[in-house]
Amino acid sequence: MASFFTTRLFFISFALVVIAATLPLYVSGYVLGLLTVAFYFGVFAMAWDLLFGFAGEVNFGPTFLIGVGAYTAGILNAQFGWSVYLCIVLGALASVIAGLVLALPALRVRGPYFGLTTLVAVLMLQNFIVVFADLTGGEIGLTIPDVISINAGVNYWIALGFMTISAAILYGLSQSPVGLVLQASGQDPVQAGALGFNIVKHKLAAFIVSAFFSGLSGALLVFYFGTASVGTVVDVAVGVNVIVSAVLGGRRTVLGAALGAIFLIVAGEFLRPTGELATFIVSAVALLVVLFFPGGFLGAALSREARS
């Protein structure tokens with residue numbers, strides 16, 4: 001891990017963060033708002049990549065963990081008037097508990113059944129939100145009275161700082177002995193188990209870490225939006241964007257997942273004037289990357305650097 005601080009990737013990442021930190025000084029609030037959302041989605045994608053890229057478990061329902069954290073934080077603030085920061089912490093904790101409850105039975109199955117289990121969890125959460133509309137706001141959405149800040153620059157710096165810290169922690173974890181065990185178990189669980197590694201325990205730990213960062217980011221996002229709705233934090237389409245972001249950036253890179261999320265959000269907004277064509281263009285680019293650059297943006301760059 002110490003050798004990372006001497007690599008080209010570290011210096012490029014550091015330079016990008018420094019440049020990004022100066023953007024509020026000379027760009028509009030609209031651009032800052034767009035990037036703020038992109039940074040939170042970057043954390044969603046990095047958390048998903050830890051589970052899929054390293055543990056090898058295909059989570060088709062990342063928005064279950066995101067939604068639990070977001071709605072828990074929003075409900076506690078809207079219904080009980082608790083402070084924003086306490087709600088954010090409790091939202092992340094609720095996501096961890098929900099992730100633990102989901103992972104314990106889900107990790108007992110293999111192959112596509114794990115993915116289907118997580119997808120069903122998302123559909124159940126959506127149904128819960130609609131049925132208990134008095135508590136959750138239902139299909140209309142939950143209006144949250146408090147926000148972290150009304151200043152676009154402050155919101156931007158919080159999101160950038162959160163994404164940077166999350167990236168450092170998740171990348172460090174992926175390069176640690178735990179990450180190596182996860183990678184081995186994802187590639188060949190039978191052989192990894194034969195070597196004496198507790199595969200289920202390591203995958204459960206990865207799921208809990210993924211749940212924590214997903215829930216924490218979801219809670220922060222709703223206090224930026226000032227509202228929580230199915231369409232913004234729970235919908236299957238949101239989960240697809242998270243998955244595509246991680247694949248675009250590069251599986252097993254963690255940092256590439258954040259890059260993919262920023263690209264996806266910014267490209268979608270840039271192409272918004274084209275109407276429905278925007279979704280087609282972004283989807284076509286994603287398909288081309290998957291077909292011709294299966295390692296993603298960062299994966300392709302790292303492999304090219306390794307060859308040279």
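Glu 269 touches Tyr 30 and Leu 34, with residues up to four places away in sequence left out of the count; contact here means heavy atoms within 4.5 Å. The structure is a predicted model, in which local features need pLDDT of at least 70 and side-chain atom pairs count only at pLDDT 80 or more, while totals for chains, interfaces and linings use all residues. Residues are numbered from 1 along each chain as its sequence is written, and side-chain values use heavy atoms, with hydrogens and water left out.

Glu 269 is found in helix 13; helices (H or I, at least four residues) are DSSP runs, numbered from the N terminus. At 18% relative accessibility, Glu 269 counts as buried, a class defined as under 20% relative accessible area, with exposed being over 50% and partly exposed in between (1.4 Å probe, protein chains only). The side chain of Glu 269 makes a polar contact with that of Tyr 30 at 2.4 Å. A polar contact is a pair of N or O atoms within 3.5 Å; within protein, one must be able to donate a hydrogen and the other to accept it, and residues adjacent in sequence count only if both atoms are side-chain atoms.

Side chains of opposite charge can pair when their charged atoms come close. The structure holds one salt bridge, a term for a side-chain nitrogen of Lys or Arg within 4 Å of a carboxyl oxygen of Asp or Glu. Glu 269 forms a salt bridge with Arg 272, and the closest N and O atoms are 2.9 Å apart. Arg 272 is exposed, with a relative accessibility of 55%.

The second largest pocket has a volume of about 770 Å³. On a 1 Å grid over the protein atoms alone, a pocket is an open set of points where a 1.4 Å probe fits, with protein on both sides within 12 Å along at least five of seven lines, and lining residues have an atom within 4 Å of a point. The volume is the space filled by probe spheres set on the points, which are joined across faces, edges and corners. Of the 25 lining residues, the closest to the pocket centre are Asn 241, Leu 264, Ile 265, Gly 268 and Glu 269. Two or more lining residues come from each of helix 2 (29-54), helix 11 (230-234), helix 12 (236-249), helix 13 (255-270) and helix 14 (277-292).

Asp 49 is found in helix 2 and is buried, at 1% relative accessible area. The side chain of Asp 49 reaches the backbone nitrogen of Thr 253 at 3.4 Å.
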